[in-house]
Amino acid sequence: MNINATLIGQTIAFFMFVWFCMKYVWPPLMAAMEERKSKIAEGLAAGERGQKEHELAEKRAKEVLQEARAEASDIINLANVRAGEMVEEAKGKAAEEAAKVKKGVEAEIEQEIASAREELRQQVSVLAISAAEKIIKSEIDASKHQVIIDDISGKLGAV
Amino acid sequence: MAGENLTSSDYIKHHLTNLTYGQHPDGTWGIASGQEAAKEMGFWAVNIDTLGVSVILGCLFLFLFRKAASAPTTGVPTGWQNFVEMVLEFIDGSVKDSFNGRNPVIAPLALTIFVWIVLMNTMDLVPVDYIPHLGQLIGIPYLKVVPTTDPNLTFSLALAVFFLTIYYSIKVKGPGGFFAELAFHPFPKYMMPFNLLLELIALISKPISLALRLFGNMYAGEMIFILIALLPLGIQWTLSLPWAIFHILVVILQAFIFMTLTIVYLSMAHEENH
């Protein structure tokens, strides 16, 4: 229990221990712990970043999908409109064609009527002439009365 | 557990005597035969047991911690490194809590103080007779295995802290600043001698209280273990077991108090304004 030179020896030993600890124990361990801390922080940050990116990508995908959907519906609408138009157009064309055909047919009929009438007229005129011939054969010369016949046939033609 | 021809007081005295090496009054050098002989050797004697055990434990501490520090992994720490890092984290937290300046010495100092004192205090938990008895078998007359029950050790630690406090006070504030701190507080300048007296007492009481607190606690604890060892063999454990369990708390707590106060004193030494 006496205070003696142990005091000095202990103090020296203590300072040596502290020096060793300061030099060889504390710094490497602290450095390792700091490095680990930064590594963990980095990892956490990367994880967070990844999650954020994932969320962003999801959002973007949703947007693209929505866009695509909108585009598809646009296309369908357009197609529907176009189809309607085409049907209308076809209808119009068909009506036109029908009208044209009708017109042609009518013209043809007209012509036919005209030619039939012409023929009829000619036949009538020939018949008339032959009848007149028969009636006035004896007294009328065909060549002398050509003018009158022509006049009659022309009048017939006007009917 | 005392020898057949030993009385209880002899037994206790034996357990409380250091193995002292020094110069006998007749001029020869050797090991003191008892406390009185050790006292006669005066200041220039050393307690071999205190010095030896503390240095062995100090080296053990440095060896074990160096083992973890020699190739620390920055990945997932396992086993021993994990434990060491836990201790370091704890010390670092304590230092950051109470030390505001920046000084690379403080944290390793605190670590050394804490672990070393814990190890030395833990020697208290070794049954009181084992090591002294072993020593007697190989011819060592006295062996006090708990270095912290030797005031030489606690005072040496406290003095080391005291020196550091004064060193950093002068380094940070300059000799004038340090003197001003002692002389011009808490009263105005014309009361300087009184201030100086007050502050010097406060300054010196720090290491003394630091040393005596640790010494007193460990000495008392050791004393109770010795007294328990004097009881009949059958009932010893009913007392020594609870006391040992309680003592685990004391071991850690005293080391922690010593460390924390060291940090606080050094922090005060670094602070510019009082």
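**Talking through the two chains**

Mentor: Let's start where the chains meet: 30 residues of chain A and 55 residues of chain B take part in the contact. Keep in mind that this is a predicted model.

Trainee: Okay! How much area do chain A and chain B bury between them?
Mentor: About 3,900 Å², with 74% of it on carbon and sulfur atoms.

Trainee: And how many salt bridges are counted between chain A and chain B?
Mentor: The count there is 1 salt bridge. Arg36(A) pairs with Glu85(B), and their closest N and O atoms are 2.7 Å apart.

Trainee: What about the make-up of the side of chain A that touches chain B?
Mentor: That side has 21 nonpolar, 6 polar and 3 charged residues. Between the two chains there are also 14 residue pairs in polar contact, counting pairs with both residues at pLDDT 80 or more.

Trainee: Back to salt bridges, how many does the structure hold over all chains?
Mentor: Over all chains, 9. One of them joins the side chains of Arg121(A) and Glu118(A), at 2.2 Å from N to O.

Trainee: Where do Arg121(A) and Glu118(A) sit relative to each other in helix H1 of chain A?
Mentor: They are 3 residues apart in that helix, so about one helical turn separates them. As a general point, side chains of opposite charge can pair when their charged atoms come close.

Trainee: Nice. Changing topic, how much space lies in the largest pocket?
Mentor: About 400 Å³. Its lining is made of 16 residues, and Asp92(B), Arg102(B), Asn103(B), Pro104(B) and Ala107(B) lie nearest the centre.

Trainee: Which elements give two or more residues to that lining?
Mentor: Helix H1 (6-136) of chain A does, together with helix H4 (79-98) and helix H5 (106-122) of chain B. H1(A) gives the largest share, 5 residues.

Trainee: How does the lining of the largest pocket divide by class?
Mentor: There are 10 nonpolar, 2 polar and 4 charged residues in the lining.

Trainee: Now chain B itself. How many helices and strands does chain B have?
Mentor: Chain B has 9 helices and 3 strands. From the N terminus, the elements run α-β-β-α-β-α-α-α-α-α-α-α. The C-alpha atoms of chain B fill a box of roughly 65 × 60 × 35 Å along the principal axes.

Trainee: Great, thanks for walking me through!

Notes: Residues are numbered from 1 along each chain as its sequence is written. Chains are lettered from A and ligands numbered from 1 in the order in which they are written. This is a predicted model: local features need pLDDT of at least 70, side-chain atom pairs count only at pLDDT 80 or more; totals for chains, interfaces and linings use all residues. Side-chain values use heavy atoms; hydrogens and water are left out. On a 1 Å grid over the protein atoms alone, a cavity is a set of points where a 1.4 Å probe fits but cannot get out, and a pocket is an open set with protein on both sides within 12 Å along at least five of seven lines; lining residues have an atom within 4 Å of a point. Grid points are joined across faces, edges and corners, and a volume is the space filled by probe spheres set on the points. Helices (H or I, at least four residues) and strands (E, at least two) are DSSP runs, numbered from the N terminus. Ala, Val, Leu, Ile, Met, Phe, Trp, Tyr, Cys and Pro count as nonpolar, Asp, Glu, Lys and Arg as charged, and the others, Gly among them, as polar. Contact means heavy atoms within 4.5 Å. Buried area is the accessible area (1.4 Å probe) that two parts lose on being put together, summed over both. A salt bridge is a side-chain nitrogen of Lys or Arg within 4 Å of a carboxyl oxygen of Asp or Glu. A polar contact is a pair of N or O atoms within 3.5 Å; within protein, one must be able to donate a hydrogen and the other to accept it, and residues adjacent in sequence count only if both atoms are side-chain atoms.
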